[in-house]
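Here is the note you asked for on this model. Please read it with the structure open beside you.

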Amino acid sequence: REMAGSASSSDDAAPLVLPPASTPNRRLQAAEERRGIALVGFLGCFFVGLATAVALSRHSFSWAFAAASYVEVVLAVFFLMRVLYSNAGVIARSSERCYPVPCEVARRIQAGESLQGLVNPRDGSRSYCVRCCVWRPPNAHHCSTCQRCTMEFDHHCNVLGRCIGGSTVGVR
């Protein structure tokens, strides 16, 4: 395959300057995040209240039920924080990830043309994301909401406003 714009090119030409990375819709992500926190908070309060009510009813299993409910709420909050504050495996731009640029992509960038509608070029098992301008392995995918490629991408969670991938669920 022909490649252009290598970062380690031996000729005198400057490396190809890539277009700026797309910016995610932060307002949408923040709204989704608030929705997820509110949902987990509401359900946590509901189940804690229900467990406390059952525990106060003095059934023989009531305190075991309450303890199990409390543990589940703590786990729900822990995993919510893990998803919200961990990196889902976003593929960051770097010279190793971006170059060499496939010829058709380089031609369009140099001509000032849009990359929209261009099919992601493949080179063996990896592909070049024309939206992020990065080479990505076969298990990565571009999230149209976050505007980033993510390793081991599963889905974008519209409740939590985050990509769910290998590192957010602890598969690595």
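Where does UniProt place the feature "transmembrane region"?

1. The model is a predicted one. In the UniProt record, which is an unreviewed entry, the feature "transmembrane region" is placed at residues 36-57 and 63-85. The annotation comes from that record, and such annotations may be inferred rather than shown by experiment.

2. The two spans can be compared with the model. Residues 36-57 are 95% helix and 0% strand, and the C-alpha atoms at the ends of this span lie 32 Å apart. For residues 63-85 the figures are 100% helix and 0% strand, with the end C-alpha atoms 33 Å apart.

3. As a whole, the protein contains 4 helices and 9 strands. Along the sequence they follow the pattern β-α-α-α-β-α-β-β-β-β-β-β-β. Of its 172 residues, 35% count as buried. Among contacts with a separation of 6 or more, 55% join residues 24 or more positions apart.

4. Helix α1 covers residues 26-56. Its 31 residues should span 45 Å at 1.5 Å a residue, and the end C-alpha atoms are 44 Å apart, which agrees. The buried residues of α1 are Q29, E32, E33, G36, G44, A51 and A55. The elements that cover them include α2, β8 (155-157) and β9.

5. Helix α2 runs over residues 62-85, and its 24 residues should span 34 Å at 1.5 Å a residue; the end C-alpha atoms are 35 Å apart, so the two values agree. In α2, the buried residues are S62, A66, S69, V73, L80, V83 and L84. They pack against α1 and against β9 (162-164). When reading such a list, recall that an α-helix has 3.6 residues a turn, so residues three or four places apart point the same way.

6. Turning to the strands, an open sheet of 3 strands has the order β3-β4-β5, with antiparallel pairing. Strands β3 (122-123) and β5 stand at the edges with a single partner strand each, so one side of each has no neighbour in the sheet.

7. The β3 and β4 pairing is antiparallel and has 2 bridges, with β4 covering residues 126-129. R122 has S127 in β4 as its bridge partner, and D123 stands opposite R126 in β4. The hairpin of these strands has 2 residues between them, and G124 in this hairpin takes a positive phi near 70°.

8. Strands β4 and β5 also pair in the antiparallel sense, over 3 bridges. One of the pairs is C129 with V134 in β5. This hairpin has 4 residues between the strands, and C133 in the turn has a positive phi of about 60°.

9. R136 deserves a separate look. What is the nearest side chain of opposite charge to R136, and how far away is it? R136 sits in strand β5 (residues 134-136). R136 is buried but has no salt bridge, and the nearest side chain of opposite charge is D123, 13 Å away.

10. Apart from neighbours within four places in sequence, R136 is in contact with I91, R97, N120, R126, S127, C129, R131, H141, H142 and C149.

Note on methods:
Residues are numbered from 1 along each chain as its sequence is written. This is a predicted model: local features need pLDDT of at least 70, side-chain atom pairs count only at pLDDT 80 or more; totals for chains, interfaces and linings use all residues. Side-chain values use heavy atoms; hydrogens and water are left out. Buried means under 20% relative accessible area, exposed over 50%, partly exposed in between (1.4 Å probe, protein chains only). Lys and Arg count as positive and Asp and Glu as negative; His and the chain ends are not counted. A salt bridge is a side-chain nitrogen of Lys or Arg within 4 Å of a carboxyl oxygen of Asp or Glu. Contact means heavy atoms within 4.5 Å. The expected span of a helix is 1.5 Å times one less than its number of residues. Two strands pair if DSSP finds at least two bridges between them.
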